[in-house]
Amino acid sequence: MGMNARRCTAIGAFTLAGALALGGVAASADPIDGSPIDVDGPVDVENPDGPEIYRFADDTRISTAVEAAERTNLPWSDTVIVANSEVFADALAASTLADVIDAPVLLNTPGDTVNNDVADYMQERNGDGIGDAPAIANVIVLGGTDVFTADFIEDVESFGVAAER
């Protein structure tokens, strides 16, 4: 299902300054607002009758979430939320909390280790930093031990952060 002109008009009805479209052509092959999109090129799509739309896309949903966290110019807090990459409900449920505490929602494959893209993001935030974002001090892990094991929590804490479920 793509972002056709009708959807763009519906988004514009909310008088938003901008909107995000997450996912590549596999998620939405249709162009946004009828304009052609080069997913590998610039992600900004100007919409003269509505909000500017920014499209973030990468090879996987995990790396797309990391790209969105890196490229959004928000005053991120020192907290990151990690959700199951295979079940969207956890990440969707986390979105309200993420908004309240100004935390990005990252996706990780269930199991006992932090995905490489997520690890790179955490190392970058805790190294030279990303924009004005502070170093990560807290990671909220969504899901029980059947999703993210105790070893996963230890792996997260190996980055020098506190992890909690």
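## Basis of the report

Contact means that heavy atoms lie within 4.5 Å. The model is a predicted one, in which local features need pLDDT of at least 70 and side-chain atom pairs count only at pLDDT 80 or more, while totals for chains, interfaces and linings use all residues. Residues are numbered from 1 along each chain as its sequence is written, and side-chain values use heavy atoms, with hydrogens and water left out.

## Overall organisation

The protein chain contains five helices and seven strands. Both kinds of element are DSSP runs numbered from the N terminus: helices are H or I runs of at least four residues, and strands are E runs of at least two. Their order from the N terminus on is α-β-β-β-α-β-α-β-α-β-α-β.

Among contacts between residues at least 6 apart in sequence, 63% join residues at least 24 apart.

## The nonpolar core

A nonpolar core is a set of buried Ala, Val, Leu, Ile, Met, Phe, Trp, Tyr and Cys residues joined through side-chain atoms within 4.5 Å. The largest such core has 35 residues, of which Y121, M122, V139, F152 and V156 touch the most other members. Elements that give two or more residues to this core include helix 2, strand 4 (79-84), helix 4 and helix 5 (150-157).

If residues up to four places away in sequence are not counted, V139 touches V80, V82, M122, V156, V161, A162, A163 and E164.

## Helix 2 and helix 4

The axes of helix 2 (residues 61-71) and helix 4 (residues 116-126) come within 9 Å and cross at roughly 20 degrees. These axes are lines fitted to C-alpha atoms over the stretch in contact, and angles run from 0 to 180 degrees between N-to-C directions. The two helices are therefore roughly parallel to each other, a description applied to angles under 35 degrees. In this pairing, I62, S63, V66, A69 and E70 of helix 2 meet D117, V118, Y121 and E124 of helix 4.

Eight of the 11 residues of helix 2 are buried, so helix 2 is largely enclosed by the rest of the structure. Among them are I62, S63, T64 and E67.

## Residue N108

N108 is found in strand 5. Because its relative accessibility is 0%, N108 counts as buried. Leaving aside neighbours within four places in sequence, N108 is in contact with several residues, including I62, V82, V118 and F152.

Key: Angles under 35 degrees count as roughly parallel, over 145 as roughly antiparallel, 65 to 115 as roughly perpendicular and the rest as oblique. Buried means under 20% relative accessible area, exposed over 50%, partly exposed in between (1.4 Å probe, protein chains only).
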